[in-house]
Amino acid sequence: MTVVGPFGLHVRDQALEADVHAGLAAVEAGLLEATKSDVPFITEAAQHLVRAGGKRFRPLLVMLASQFGDPDAPGVVPSAVVVELTHLATLYHDDVMDEADVRRGVPSANTRWGNSVAVLTGDFLFARASHILADLGPEAVRIQAEAFERLVTGQILETAGPRDGRDPVDHYLDVLSGKTGSLVAVSGRFGALMAGADERTVDILTQYGERLGIAFQLADDVLDIASDTHESGKTPGTDLREGISTLPVLRLRAQAAKDGRPEDLALVELLDGDLADDANLAEALRLLRAHPALEQARQDTVRYAQEARATLAPLPEGYAKSALEELCDAVVHRAG
């Protein structure tokens, strides 16, 4: 049983392990090639986050989904490069919107070069992803365009907030479905589609990716509060400090509004206060770690991961299916 990739997936079959390792190595080479420019400064900025590493969660899913067809089919690796380039591009843009200082343990691009360079570098990565897509055919272009529309819509919905009368938790889960679930769903879809899997299998792996993507982001929400060292390279409490109401905070606010317990209302007031102050942030983290809202968010993570696993039921038994099931367990493990 071998650990594959930074995400820490355990693979129980040597042939599958070799395929996944080879595929991820080819993706890494493809990312470096796709981020080269005749302008050295653009190359440096575009490769900034590529070289910083990352879990390569989406390419890993492409590789595993391709096992239900021909994993050596010519479109598999390029499609994995496309989804990772798209993901990386969104990180450049996210860091500008969030005014983030650190990404993947290194200074964010906006901190290092300014907002304009960060935004334009993200655009450059989108352009390179589109160039690769053009060689994969019109169907691939359409799939990516639809996913990108959902991704941007999710980001806009997050910025706009829930409309009057809408449950903030339901709104937030819709945001995650667009912002994160859409591109992870495409990872499963591209892997199966490019490998020549049948339509039913492609659909199953698309649904699996959607649910797994939401579970993955919910696990990040929990980690932002519960972990001492955030594996994404962000400092714990980053979302709190930036005023982002992730699921544990939304669960807390709902509980405070419903029951009106003084301690819950006091914590909400603390969260609405000055969390730029390190002492206030530390106190907010301490109280949230002990609050039932955090466990509720963990259970939400488990639920989405279980739904992802359940979608795999019609697929034939084998090492690839087992690896996808274990990927669900790995996501839940991240959330504790």
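The largest nonpolar core has 98 residues. Such a core is a set of buried Ala, Val, Leu, Ile, Met, Phe, Trp, Tyr and Cys residues joined through side-chain atoms within 4.5 Å. Buried means under 20% relative accessible area, exposed over 50%, and partly exposed in between (1.4 Å probe, protein chains only). This is a predicted model: local features need pLDDT of at least 70, side-chain atom pairs count only at pLDDT 80 or more, and totals for chains, interfaces and linings use all residues. Residues are numbered from 1 along each chain as its sequence is written, and side-chain values use heavy atoms, with hydrogens and water left out.

**Nonpolar core**

- Phe 190, Tyr 208, Leu 240 and Leu 271 have the most contacts inside the core.
- Helix α10 (residues 199-226) gives the most to this core, with 12 residues. Helices (H or I, at least four residues) are DSSP runs, numbered from the N terminus.
- Neighbours within four places in sequence aside, Phe 190 is in contact (heavy atoms within 4.5 Å) with residues including Val 82, Leu 133, Ile 143 and Gln 144.
- In soluble globular proteins, nonpolar side chains tend to be buried together.

**Salt bridges**

- The structure holds 22 salt bridges. Each is a side-chain nitrogen of Lys or Arg within 4 Å of a carboxyl oxygen of Asp or Glu.
- Asp 220 pairs with Arg 334 in a salt bridge, with the closest N and O atoms 2.5 Å apart. Asp 220 sits in helix α10 and Arg 334 in helix α16 (residues 319-334), so the pair ties together parts that are 114 residues apart in sequence. Both Asp 220 and Arg 334 are buried.
- Asp 300 bridges to Arg 251, the closest N and O atoms being 3.0 Å apart. This pair links distant parts of the chain, helix α15 (residues 292-311) for Asp 300 and helix α12 (residues 247-259) for Arg 251, 49 residues apart.
- Asp 300 is buried, at 8% relative accessible area. Arg 251 is partly exposed, at 21%.
- Shared partners join Arg 211, Arg 251, Asp 300, Arg 303 and Glu 307 into one salt-bridge network.
- Lys 36 forms a salt bridge with Glu 33, with the closest N and O atoms 3.3 Å apart. Lys 36 counts as partly exposed, at 44% relative accessibility.

**Surface patch**

- Phe 148, Val 152 and Ile 156 form a nonpolar patch on the surface, with about 240 Å² of accessible area together. Areas come from the Shrake-Rupley method with a 1.4 Å probe; for residues, only the protein chains shown count as cover.
- Patch residues have over 30% relative accessible area and no salt bridge; nonpolar side chains (Val, Leu, Ile, Met, Phe, Trp, Tyr) are joined within 5 Å, like charges within 9 Å.
- Val 152 is found in helix α8 (residues 138-160). Val 152 is partly exposed, at 33% relative accessible area.

Note on methods. Helix = DSSP H or I, 4+ residues; strand = E, 2+ residues; numbered from the N terminus.
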